[in-house]
Amino acid sequence: MKIGYRTLKTAVGAALAIAIAQLIGLHNFASAGIIVILCVQVTKKRSLETARARFAACVVAIGFAALFFTVFGYHPWTIGLLLLLFIPVTVRLKVNEGIATSSVIILHLYEAKDITWGLVANEILLVAVGIGVALLMNMYMPSAEKELKEYQRIVEDLFRIILKEIVRYLRTNELDWDGKELPLAAETLEKAKKLAMRHADNQLWRNEDEYVRYFRMRERQLEIIEHMLPLVTSLTYTVEQRMMIADFIDELSDAIHPGNTADRFLRRLAEMREQFKAMPLPKTREQFEERAALFHLVRELERYLIIKSEFHPGNERKPQRLKA
């Protein structure tokens, strides 16, 4: 049985909150532990948002309880009527995450049968201790940096394999690849994006979303590769331009990494396009269709590279699209 960080933090936090509430002499001190259990979240930003919502909802709940119990008395149906109106208000105020915590406070006030300023102060302190300890527990989050870098390596290896298979077909017309790397790359990217977003939400003082941007960039590139595959498999004739593109993709596959090499390959792609223009025109319909498909393939490669180039906003110049 594996005990995770969140479970450990919840257990330690609940015990600590109860101890603090009991030490300062609060009534219903055990409820501080319940509040910690409700407030411990998976990311720092999420914890702050939840804490704000729960504290605001508890303040609103105390006001509702004071009004309803004073007007209608301490009856079970009063609680039902109170919740009937209180819950929509919390939804409207966008603090509905605090409904469960607020319900605990409302029940404390109901059991007391007499709402005093001392009791209100006790409940606010209970909430403050529970939320404060939960925030303290959530200040430590294990770093996902190592796991994110491993996801990067896996995705880049899969891209490299896919591009190498495209190169092999362009050079040999052999098509015995099962394509398993395509769904595996998509699945890996989905997992990596979720982890990257969680990692970004744990950066309170800086907006560190580079990994999120990176995996979204690779996801867009994977879509381009999927568009390229039918084009590649439609090619049947061997022409000189086909070998040139194969050599280009082969070199491109060896240069897959998080850094920026896209501008260099975009320049090379433009140069290769100019070389194509200088070559003799196709003499047969088959050669014409082959050249047209290769031209389309070059366009897809250009899109693939521009996506990578845009991932590095610090470039001195924007990538230039190939001229028609």
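Ala, Val, Leu, Ile, Met, Phe, Trp, Tyr, Cys and Pro count here as nonpolar, Asp, Glu, Lys and Arg as charged, and the others, Gly among them, as polar. By these classes, the lining of the largest cavity has 6 nonpolar, 3 polar and 2 charged residues. The structure is a predicted model, in which local features need pLDDT of at least 70 and side-chain atom pairs count only at pLDDT 80 or more, while totals for chains, interfaces and linings use all residues. Residues are numbered from 1 along each chain as its sequence is written, and side-chain values use heavy atoms, with hydrogens and water left out.

**Overall form**

- The secondary structure of the protein chain comes to 12 helices and 0 strands, where helices (H or I, at least four residues) and strands (E, at least two) are DSSP runs numbered from the N terminus.
- The radius of gyration of the protein chain is 31 Å, well over the 20 Å that the globule rule gives for 324 residues, so the chain is more spread out than a compact globule; this radius is taken over C-alpha atoms, and the rule is 2.2 Å times the number of residues to the power 0.38.
- Along its principal axes, the C-alpha trace of the protein chain spans about 95 × 40 × 35 Å.
- Buried residues make up 44% of the 324 residues in the protein chain, with buried meaning under 20% relative accessible area, exposed over 50%, and partly exposed in between (1.4 Å probe, protein chains only).
- Among contacts in the protein chain between residues at least 6 apart in sequence, 77% join residues at least 24 apart, a contact being heavy atoms within 4.5 Å.

**The largest cavity**

- The structure holds 1 cavity of 30 Å³ or more; on a 1 Å grid over the protein atoms alone, a cavity is a set of points where a 1.4 Å probe fits but cannot get out, a pocket is an open set with protein on both sides within 12 Å along at least five of seven lines, and lining residues have an atom within 4 Å of a point.
- The largest cavity has a volume of about 80 Å³, where grid points are joined across faces, edges and corners and a volume is the space filled by probe spheres set on the points.
- The residues that line the largest cavity include Arg 218, Gln 221, His 257, Thr 261, Tyr 304 and Lys 308.
- Helix H9 (210-233) and H12 each supply at least two residues of this lining, and the largest share, 3 residues, comes from H12.

**The second largest pocket**

- The second largest pocket has a volume of about 230 Å³, and of the 12 residues that line this pocket, the closest to its centre are Arg 273, Phe 276, Lys 277, Arg 291 and Phe 295.
- The elements that give two or more residues to the lining of this pocket are helix H11 (262-278) and helix H12 (285-310), with the largest share, 5 residues, coming from H12.
- The lining of the second largest pocket divides into 8 nonpolar, 1 polar and 3 charged residues.

**Two buried serines**

- Ser 31 lies in helix H2 (residues 31-39) and is buried, with a relative accessible area of 8%.
- A polar contact of 2.9 Å joins the side chains of Ser 31 and His 108; such a contact is a pair of N or O atoms within 3.5 Å, of which, within protein, one must be able to donate a hydrogen and the other to accept it, and residues adjacent in sequence count only if both atoms are side-chain atoms.
- Leaving aside neighbours within four places in sequence, Ser 31 is in contact with Val 104, His 108 and Leu 126.
- Ser 253 has its place in helix H10 (residues 240-254) and counts as buried, at 0% relative accessibility.
- The side chain of Ser 253 reaches the backbone oxygen of Asp 250 at 2.6 Å, and, leaving aside neighbours within four places in sequence, Ser 253 is in contact with Arg 160, Leu 163 and Lys 164.

**Loop residues with positive phi**

- Lys 113, found in the loop between helix H5 (99-112) and helix H6 (117-138), has a phi near 60°, a positive value in a residue other than glycine, and counts as partly exposed at 44% relative accessibility.
- Asn 173, found in the loop between helix H7 (145-172) and helix H8 (181-201), has a phi near 65°, a positive value in a residue other than glycine, and is partly exposed, with a relative accessible area of 32%.
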